[in-house]
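Let's take a walk through this model, stopping at a couple of backbone angles and then at a pocket. Keep the viewer open as you read.

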Amino acid sequence: MGEILLFLDEFYKQVAKNPQCDAVHSYGFSINYEELNSKSTILASYLNNLQLDNNEVLGIYDNGSINHFVTMIACIKIGRPFINLDIKTPLFYNIEILSTLNVSILLVGSGKKQNKIANCQVVDVEEILKNPLKCQFSNTQYSKSDSTYFVATSGTTGKPKLIEKSQNP
């Protein structure tokens, strides 16, 4: 089923085998596999409840914090493609990317308090994790043609060039 299932399979193996071992270190903080799995499941449940359109791309606006990794794994768990936006990139460039991909939900973390960016609903990941909903979560079945994430390059035109990464090898 492609790279993404391999990633999730390996991730779940590590959760079972080494739940208390550090999974991610970022900016002097760390999170173990059990916590990363738990937090990403909480966020995945929240995102599932939003009832998004099929293949709707989610934006992630963070600086590589622990919650950035939680958010990426949550998106992968529910089969939702995402784009990582660099907070150091000029806002007009990120807005161009959001508009091009038709992103309507922007997941923010690390105190990036925003109400709206480029007509996106802004979701504060930290708030979701502090006040989790009691929701059901189930892994999504993937198709090899499903998009997993997008990468934006600066290009020579001044407009971002978007590269789609799917589960096809």
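Start with Tyr27, which is exposed because its relative accessible area is 57%, over the 50% cut-off. You'll find Tyr27 in the loop between β1 (22-26) and β2 (29-32). Keep in mind that this is a predicted model. Now check the backbone: phi of Tyr27 is near 50 degrees, a positive value in a residue that isn't glycine. As background, most residues other than glycine have a negative phi.

Next, hop along to Gln51, in the loop between α2 (33-49) and β3 (58-62). Gln51 isn't a glycine either, yet its phi is positive, at about 50 degrees. Is Gln51 buried or exposed? With 69% relative accessibility, Gln51 counts as exposed.

Now for the empty space. Rolling a probe the size of a water molecule over the atoms shows where such space is left. In this model, the largest pocket holds about 150 Å³. Which elements each supply at least two residues of its lining? They are β4 (82-86), α4 (91-101) and β8 (147-153). β4 gives the largest share of that lining, with four residues.

Sorted by class, the lining comes out as seven nonpolar, three polar and one charged residues.

Key. Residues numbered from 1 in each chain as written. Predicted model: local features only at pLDDT ≥ 70, side-chain atom pairs only at ≥ 80, totals over all residues. Heavy atoms only, no water. 1 Å grid on protein atoms, 1.4 Å probe; cavity = no way out; pocket = protein on both sides within 12 Å on 5 of 7 lines; lining within 4 Å. Points joined across faces, edges and corners; volume = space filled by probe spheres on them. Nonpolar A, V, L, I, M, F, W, Y, C, P; charged D, E, K, R; others polar. Buried < 20%, exposed > 50% of the residue type's maximum accessible area, 1.4 Å probe, protein only.
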